[in-house]
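Hi,

Here is the structure I promised to pass on. Have a look at it first, and my notes follow below.

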Amino acid sequence: MQRLSPFRYYVEPVVLCAQLASSFYDTGLQMVVYERCANATNTINHTATDEEKQKAISNFYMTYTILSSLLPFIPAYFLARRGDNGYRRVPIAVPLVGYLISRTLLLLVILLELPIEVMFGGAVIYGLCGGFASYWAGVMALVSVSSSEGRRSLHLSRTELIYGLAGFFGSIASGHLFQLYVVENKQGVVLVVLSVLLYLFCFLYVVFVLKTSHDDRNSRSSQDGQDGQEIGILNYRYRDIVNVVLLFASAILYDIAVAGAMEILMSFVRKEPLNWNAVYVGYGNAAGFAIFFTSFLGVFVFSKCASDTTLIIIGMLSFAAGIYFMAFVTATYMFYLARTLTLFALIPMPIIRSLLSKQVQGSSCGKILTMLQLSFSLASLAYSPIFTKIYQATLEWFPGFTFLFSSILTVLAIIPTSIVGCRTARQEGYERIQGN
């Protein structure tokens, strides 16, 4: 019997290449949107003000975010069920098709000078293929069932580290690629072509190379035949259902705070006084991805002496401090100082996913992680217009007000996590007494 190369069990090449592709796309989309919105608001007798451009850009991203967040609900759920039935590659491969098509549409928008509203169609296709909710939940589920409970948090953080490093280097290169390589006086063509090719590689790798080492169908059927163990599992789930709800609440609040602030940040850095070009936009995105590395180091170091819930709180406090400072940024160096304060901001999410995956069997891991990701998508339907309208309303007198709002939400997200920490400590103490 021919042995498969261990390399074929690694999902990391997909995470690496897909995030490189995403970094190229994000910078390309950001620059194209700014250019098209600026041109659309200019007329023969009127030159658009900076405020009008900002409103047009933020409205585009609000609509784009709502479409890409709303549509994945049903597809992602069915893809997660398929993954939990033993086909772990399906919830990863199908969203990559959506990525590939939507990124190709951006290339057509640049080459054929199509209206930027065409990208709303890309968001629809991307969403109907499961979107990021299915893709990332599929990756996290595959990593979770492939690791022991004791090292799961570290393995999930390592996957996020690879994701972040790819985003870091991709973001640095993206600004230069956008400006330096021009095809027929159209900037961004080479950048988006590279993005499309990388997504194509990821899809082919998942379909023809990636193998999963866990047969969930066999493991589930053997567990279902053990009635006594099944009763114990039900009791275990019931005991921790409050923790599951609290973890969901904490994760959703934190995601609203982070994603809402980051969505506004894309518009914030393009206006006065920062007024960044493509290179600076790439560097700014890279600074955000550098946090993946510092967050992984935080997990690696602090996990030796702190509990999972303590790690989550450290990460949330880090982001709350950094985004509060971001509200008062008026120069580029201040932006990077604010980013420095958020060096542990990405610790909470992989730890929360790890804690949630420990509450269920491996055969349900994909569903609960997809439910979490879909909860983020549902939340985006509310936070995207809320953050956008707050930003537009405060644009003249205090553009950074939305970042203060984000900091407050982050502090609120700490409360459910703290309750989980207290409950877990009591439960562990009770179990130790029982064991003694």
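**What I found**

Let's start with a kink: α15 bends by about 35° at S380 (the bend being the angle between axes fitted to the seven residues ending at a residue and the seven starting there). Helices here are DSSP runs of H or I with at least four residues, numbered from the N terminus.

A word on the source: this is a predicted model, where local features need pLDDT of at least 70 and side-chain atom pairs count only at pLDDT 80 or more, while totals for chains, interfaces and linings use all residues. Residues are numbered from 1 along each chain as its sequence is written, and side-chain values use heavy atoms, leaving out hydrogens and water.

Now the rings. The structure holds 31 aromatic pairs (Phe, Tyr or Trp rings, the latter by its six-membered ring, with centres within 6.5 Å; planes under 30 degrees apart are stacked, over 60 edge-to-face, the rest tilted). W397 and F398 make a tilted one, 6.2 Å centre to centre with 55° between the planes. W397 counts as exposed because its relative accessibility is 59%, whereas F398, at 18%, counts as buried (buried is under 20% relative accessible area, exposed over 50%, partly exposed in between, with a 1.4 Å probe and protein chains only).

Ring pairs also link Y99, Y126, F132, Y135, W136, Y163, Y199, F289 and F292 into a cluster. Of these, Y199 is among the buried residues of α8.

Cheers

Methods:
Helix = DSSP H or I, 4+ residues; strand = E, 2+ residues; numbered from the N terminus.
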